[in-house]
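Visitor: I'd like a close look at one part of this chain, with enough of the surroundings to see where it sits. Could you walk me through it?

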Amino acid sequence: MHRLDIDPDLALARTPPAWLYTDRAVHEVLRRRVWRPGWTLLLEPPAAKDATLVPCDLSGEPAVLVRDDAGERLLSNVCTHRAATILDAPCRGEILRCPYHGRRFRTDGSVAAAPGFDAALGPDDALPRFASSSVGPLSFGALEPGLPFDAWWAPIDEALGFAGRSADELRYDPRGDITHDLDVPWLLYLENYLEAFHIPFVHPELSRTLSLENYEHELFAHGTLQLGIAREEQAAFLPTYGRHAGKRVGAFWFWLWPATLVNVYPWGLSMNRIDDAGFGRARIHYRAFVWDESLRGVGAGGALDIVEQQDQSVARRAWSGLQGSTYRRGRYSPTHERGLHHFHRLLEDALG
Ligand code: FES
Ligand SMILES: [Fe+2]
């Protein structure tokens, strides 16, 4: 494996070479080293609210979220006999029954019955269990978490405090479910999110809501925060304490490693989950969680669909260019691309 060689000094650093995006072997390495340890938002099918067993997708891994009196846990949805997926739709129940040869599992994953097997089955016949956690109406999972959930979510918690809000007030709005399939690597989509440099060039509507000269960037160990300062007349949070006190915050835009975007707007949270959908492909899932319906459609969190199309179009341009032969390593804008540099440094660590 080649090294990314991202200089720690932003002024000297060069952006990644084209092979990061165009080499299929590198794509496979990223799948193992970046995605497996990462927390991700669980996408639940609609109408799952009263169900105790909910199938969901965990970074491409079929999973079942169990919610009952004993709490919440996340199991594999893959039968330990011959790998059939077990549950297709949310339901109420205490047993998971494999439709292929009838093996039954309890909601702790242990085998309850296994037709055709006289000898007792061992612990490795139980359904594997994954890490899970929830905040308000949001549920998250990880295959092999690289850090505890609370540490991962802590920057968002802090921002909700500044905003005078709590995740428990959020209400899931299924009308906000949107999926975008893109013919670009997930890396390019995320990289575009990590800098505001492009906003005046790509997003005229968004530019009008923000005071871009006051835009702020914060880096933390496993992500970044971009603070969109609202213009005078635009919807905003007005933090009364902490380092953002006195600012008109139109949006807290968080990226959490590896690929969760948490956009905190005066109306609520727009969660974006970026999936690696195979080599050269990404899938973006939007989910909306609302505090204040009356603020939907205004300010920095207003025209989300237009902004999305604009972002996708520039990510496609970068992908076309990377597949040509002339691109060499670029340079980072020291004033605008600190977050991007931070991401590439974390990526370098993950790639080893
Ligand atoms: S695959 Fe599930 S019982 Fe055979
Ligand atoms: Fe953008």
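This is a predicted model: local features need pLDDT of at least 70, side-chain atom pairs count only at pLDDT 80 or more; totals for chains, interfaces and linings use all residues.

Which residues of α4 are buried?

Guide: The buried residues of α4 are Trp186, Leu187, Leu188, Tyr189, Leu190, Glu191 and Tyr193. The helix itself covers residues 186-193, and seven of its eight residues are buried, so α4 is largely enclosed by the rest of the structure. For this label, a residue needs 20 or more other C-beta atoms within 10 Å of its own C-beta. Over the whole chain, 38% of the 352 residues count as buried.

Now let's step back to the whole chain. The chain has eight helices and 16 strands. Its C-alpha trace spans about 70 × 50 × 30 Å along the principal axes. A compact globule of 352 residues would have a radius of gyration near 20 Å, and the chain's 22 Å agrees with that. If you take the contacts with a separation of 6 or more, residues 24 or more positions apart account for 61% of them.

Next, the domains. The assignment gives domain 1 as 19-34 + 154-351, and domain 2 as 40-135. Helix α4, at residues 186-193, falls within the 154-351 segment of domain 1. The centres of the two domains, taken over C-alpha atoms, are 32 Å apart. Where they meet, seven residues of domain 1 are in contact with five residues of domain 2. On the domain 1 side, β15 (268-276) and β16 (282-290) are the elements that give two or more residues. That side divides into three nonpolar, two polar and two charged residues.

Seven strands make an open sheet in the order β10-β16-β15-β14-β13-β12-β11, and the pairing is antiparallel. At the edges are β10 and β11 (216-220), each of which pairs on one side only. Neighbouring strands in this sheet are turned against each other by 15 degrees on average, ignoring direction.

Strand β10, residues 171-182, runs antiparallel to β16, and eight bridges join the pair. If you want landmarks to click on, Thr179 has His285 of β16 as its bridge partner, and Ile178 stands opposite Tyr286 in β16. On to the next pair: β15 and β16 are joined by nine bridges, again antiparallel. There, Ile274 has Ile284 of β16 as its bridge partner. β15 and β16 form a hairpin with five residues between them, and in the turn Gly278 has a positive phi of about 115 degrees.

Further along the sheet there is a helix to look for. Helix α3, residues 149-162, lies across β11, β12 (223-229), β13 (249-256) and β14 (260-265). Relative to β13, α3 runs at about 175 degrees.

For contrast, have a look at another part of the chain. A three-stranded open sheet has the order β5-β6-β7, with antiparallel pairing. Its edge strands are β5 (95-97) and β7 (111-113), each pairing on one side only. Here the twist averages 35 degrees from one strand to the next. Three bridges link β5 to β6, residues 104-106, in the antiparallel sense, and Ile95 stands opposite Arg106 in β6.

β4, residues 71-76, and β8, residues 129-135, pair in the antiparallel sense over two bridges. In that pair, Leu74 stands opposite Phe130 of β8. β8 is also joined to β9, residues 138-142, by five bridges, with the two running antiparallel, and Val135 stands opposite Leu138 in β9. β8 and β9 form a hairpin with two residues between them, where Gly136 in the turn has a positive phi of about 50 degrees.

Back to where you started: α4 is largely enclosed by the rest of the structure, because seven of its eight residues are buried. Among them are Trp186, Glu191 and Tyr193.

How values were computed
Residues are numbered from 1 along each chain as its sequence is written. Chains are lettered from A and ligands numbered from 1 in the order in which they are written. Helices (H or I, at least four residues) and strands (E, at least two) are DSSP runs, numbered from the N terminus. The radius of gyration is taken over C-alpha atoms; the globule rule is 2.2 Å times the number of residues to the power 0.38. A residue is buried if 20 or more other C-beta atoms lie within 10 Å of its own, exposed if 12 or fewer, and partly exposed in between; C-beta atoms are placed from the backbone. Two residues are in contact if their C-beta atoms, placed from the backbone, lie within 7 Å. Domain bounds come from an automatic or database domain assignment. Ala, Val, Leu, Ile, Met, Phe, Trp, Tyr, Cys and Pro count as nonpolar, Asp, Glu, Lys and Arg as charged, and the others, Gly among them, as polar. Two strands pair if DSSP finds at least two bridges between them. Axes are lines fitted to C-alpha atoms, for helices over the stretch in contact, and angles run from 0 to 180 degrees between N-to-C directions.
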